[in-house]
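Work through the exercises below with the sequence and the 3D structure at hand. Each task is followed by its solution.

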Amino acid sequence: MLIDSFGRTIDYLRLAVTDKCNLRCRYCMPEEGIDFSKNEDLLSLSEIARLAEVFGVLGINKVRLTGGEPFMRKDILQVLEVLSLHFKNINLTTNATLIQPYMHQLKQYNISSFNISIDSLHREKFFAITKRDQFETVYNTIWELYNMGFRVKLNVVVMKGINETEIAEFCLLAKNHKVDVRFIEAMPFNAHDGNESQFLSLTEIEEHIINTFPSLQKVDSPRKSSSIKYSIDGFVGNIGIIPAYSRSLCGMCNRIRLTPEGQLLTCLYADQGINLRDLIRDGFTNEQLIAAIKGEVMQKAKDGFVAESNRVSDSSVFQSMTTIGG
Ligand code: SAM
Ligand code: SF4
């Protein structure tokens, strides 16, 4: 078992399998992209298999594949296959633009849910936000996955003056469909201006929803959830808000993260952590890896504010989320 110095059990691994992405969401990375990792620096399939074994032994029972865009990896099905050997609860966060060729194979793996990013329900605005004309593919893929029986959650980063006017329209998707529509506070991670001018807080997002749907009501969320859950009278799906910047849910955190190059980060706001890829390439045994991971987890900060204050890199410009996985 992995337990941190505050007695929290860590049983959820977020694995960013690549930093590459075919979209350029304005809150995530600059249009020209970032300095992407070389392929040989990414965790290889065999290194992922090795880490899956080790994290399985350590009691991780939920894994989320993220990125960058996970489906940018040509070996994504093999990644899913090796993870399925060790984990029953595999989840994906994806922009849903590249899933179509794999649709018929997805049921073979232990995929519990798809979190799909969609920040506008209008083609032109979607294009303005992502710099790519992919709205229809994303929208259609969402409902195809839903109709295949997958649990689907929609991730909407709320940006002042850009898509805040669509909050009610997004909520309506949960009226007749059992989907979770989750609004995310914009975090400073965009390798640029930190999204400051577009930031809308949890309270402001809540107010927007209540203006249209006065019956909005908090419902119990799982203790370790990263979102605050709500219901609206007559809706079959749920609404959620992820206080990613306010960080009000850190106390129950059960997560650790692996970057595409294998760095173990114990908080989204952390910038230091051992590199497990390097340890594997240096010949560490599973027992040595386990000891190293346990040691790192003991360093996990109490919350995102402490992790942010411990940062050693220039804190005025945060990395793009594509290198951290969200
Ligand atoms: N490419 C996939 C996607 O977009 O779903 C997975 C990676 S993306 C980095 C993971 C999540 O982080 C997405 O839901 C995205 O909207 C969110 N995200 C990225 N940058 C963000 C930021 N600066 N603030 C808040 N959320 C952000
Ligand atoms: Fe790509 Fe996801 Fe970042 Fe958008 S949020 S640029 S889809 S990694």
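**Exercise 1.** In which strand is the place of Lys-153? Decide also whether Lys-153 counts as buried or exposed, and list the residues it touches.

Solution. The structure is a predicted model. Step one: Lys-153 belongs to strand E5, which covers residues 151–158. Step two: the relative accessibility of Lys-153 is 12%. Buried means under 20%, so Lys-153 counts as buried. Step three: leaving out residues up to four places away in sequence, Lys-153 touches Phe-114, Asn-115, Ile-116, Asp-180 and Arg-182. Step four: Met-103 is 50 residues from Lys-153 along the chain, and the C-alpha atoms of the two are separated by 17 Å.

**Exercise 2.** Find which residues of helix H2 are buried and what they pack against.

Solution. Step one: H2 has nine residues, and seven of them are buried, which leaves the helix mostly covered. Step two: the buried ones are Ile-76, Leu-77, Val-79, Leu-80, Val-82, Leu-83 and Ser-84. Step three: their packing partners are strand E1 (12–16), helix H1 (45–57), strand E2 (62–66), E3 and E4.

**Exercise 3.** Describe the largest nonpolar core and state which residues have the most contacts inside it.

Solution. Step one: this core has 104 residues, and those with the most contacts inside it are Phe-55, Leu-83, Leu-106, Val-181, Phe-183 and Ile-209. Step two: helix H2 (residues 76–84) supplies the largest share of the core, six residues. Step three: take Phe-55 as an example. Not counting residues up to four places away in sequence, Phe-55 touches Leu-13, Ile-60, Phe-87, Ile-256, Leu-258, Leu-264, Leu-276 and Ile-293.

**Exercise 4.** Locate Ala-96 and Lys-131, and give the phi of Ala-96 and of Lys-131.

Solution. Step one: most residues other than glycine have a negative phi. Step two: Ala-96 is not a glycine, yet its phi is positive, about 65°. Ala-96 lies in the loop between strand E3 (89–94) and strand E4 (111–117), and it is buried, with a relative accessible area of 1%. Step three: Lys-131 also has a positive phi, near 65°. Lys-131 is found in the loop between helix H3 (123–130) and helix H4 (135–147). With a relative accessibility of 21%, Lys-131 counts as partly exposed.

**Exercise 5.** Which residues are around ligand 2, and how do they divide into nonpolar, polar and charged?

Solution. Step one: the residues around ligand 2 are Cys-21, Leu-23, Cys-25, Tyr-27, Cys-28, Met-29, Gly-68, Asn-95 and Thr-322. Step two: six of this shell are nonpolar, three are polar and none is charged.

Definitions and conventions. Residues are numbered from 1 along each chain as its sequence is written. Chains are lettered from A and ligands numbered from 1 in the order in which they are written. This is a predicted model: local features need pLDDT of at least 70, side-chain atom pairs count only at pLDDT 80 or more; totals for chains, interfaces and linings use all residues. Side-chain values use heavy atoms; hydrogens and water are left out. A residue is near a molecule or strand if one of its heavy atoms lies within 4 Å of it. Ala, Val, Leu, Ile, Met, Phe, Trp, Tyr, Cys and Pro count as nonpolar, Asp, Glu, Lys and Arg as charged, and the others, Gly among them, as polar. A nonpolar core is a set of buried Ala, Val, Leu, Ile, Met, Phe, Trp, Tyr and Cys residues joined through side-chain atoms within 4.5 Å. Buried means under 20% relative accessible area, exposed over 50%, partly exposed in between (1.4 Å probe, protein chains only). Helices (H or I, at least four residues) and strands (E, at least two) are DSSP runs, numbered from the N terminus. Contact means heavy atoms within 4.5 Å.
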